Amino acid sequence: MFSKSSLVIASTVLLSSLASALSIGGRSTTYLEATTLVPKNGTSALECWRFASPLSTSAGAGTAGASTLVIDNLANATYTVIPPRFEGGVHNAPHAQLVAFLSGTIHITIPTDPSAEAWVQGGINGLILALDTTGSGHNTSYPGNVETRALQIPFDEGFVPDHVVLYEGPCQIHSQVVTI
Ligand SMILES: *[C@@H]1O[C@H](CO)[C@@H](O)[C@H](O)[C@H]1NC(C)=O
Ligand SMILES: *[C@@H]1O[C@H](CO)[C@@H](O)[C@H](O)[C@H]1NC(C)=O
Ligand SMILES: *[C@@H]1O[C@H](CO)[C@@H](O)[C@H](O)[C@H]1NC(C)=O
């Protein structure tokens, strides 16, 4: 038999877990996180960035009710098709840009730091930021047997999106859309 007080506690716990499951009262917030190549001390480094603004509920035609994040100050877009087993070599980001890898397996290393590497799988978690326009650069290879397709979208000259640096190294997450 439950006492009356334990029933009250049980229903309070149930209500609060229901509330958090349904995100009632703004308890949880969803952010976009992305592995980011930054210029650092004359070379490149990997960091995990979180866009400062959370995703919000879209009111846009065709996506009303979905979660969206507006990323602005973008200049243009280049659609790139990279053959299987391709070596990009050591280079700088040609512009500070978003790179949305749509397919393929991408291996990024930093020649000056043997411990730094990122593996990116094209697809739903395929968005990175490449901002290392100066310094000794990074090395990108595409070792897979399928072509890599990517959209490279530079920011307007000099623009850096508002962000929080979560930690050094690539993002260690299963989904780059993160609810906290
Ligand atoms: C910056 O790089 C130089 C040589 O490349 C190194 O001697 C120095 O320790 C580095 N500084 C930091 C803060 O990593
Ligand atoms: C770039 O990466 C490729 C593939 O891992 C490797 O074979 C090559 O030696 C690297 N180049 C440099 C300069 O680190
Ligand atoms: C795309 O935007 C970048 C950054 O503003 C600029 O440097 C580049 O020239 C633009 N490319 C074209 C083809 O307009």
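Predicted model: local features only at pLDDT ≥ 70, side-chain atom pairs only at ≥ 80, totals over all residues.
Local features need pLDDT of at least 70 and side-chain atom pairs pLDDT 80 or more, while totals for chains, interfaces and linings use all residues. Side-chain values use heavy atoms, without hydrogens or water.

**Ligand 3**
- Ala-75, Asn-76, His-95, Pro-154, Phe-155 and Glu-157 surround ligand 3 (a heavy atom within 4 Å).
- A polar side-chain atom of Asn-76 sits 2.4 Å from an oxygen atom of the ligand.
- Alone, ligand 3 exposes 360 Å², of which the protein buries 46% (Shrake-Rupley method, 1.4 Å probe).

**Ligand 2**
- The residues around ligand 2 are Glu-87, Val-90, Asn-139 and Ser-141.
- Strands β6 (86-91) and β11 (138-142) each give two or more residues to this shell (strands are DSSP E runs of at least two residues).
- The side chain of Asn-139 places an N or O atom 2.4 Å from an oxygen atom of ligand 2.
- Taken alone, ligand 2 exposes 360 Å², and the protein buries 42% of that.

**Salt bridges**
- The structure holds four salt bridges (a Lys or Arg side-chain nitrogen within 4 Å of an Asp or Glu carboxyl oxygen).
- Arg-50 pairs with Glu-33 at 2.8 Å, N to O. The pair links β2 (residues 43-51) to β1 (residues 30-40), 17 residues apart.
- Both Arg-50 and Glu-33 are buried (under 20% relative accessible area; exposed is over 50%, partly exposed in between; 1.4 Å probe, protein chains only).
- Lys-40 meets Glu-47 at 3.0 Å. Lys-40 is partly exposed at 33%, whereas Glu-47 is buried at 8%.
- Lys-40, Glu-47 and Glu-168 form a salt-bridge network.
- Glu-147 and Arg-149 pair at 2.6 Å.

Methods. Residues numbered from 1 in each chain as written. Chains lettered and ligands numbered in written order. Polar contact = N/O pair within 3.5 Å; in protein donor to acceptor, adjacent residues only side chain to side chain. Helix = DSSP H or I, 4+ residues; strand = E, 2+ residues; numbered from the N terminus.
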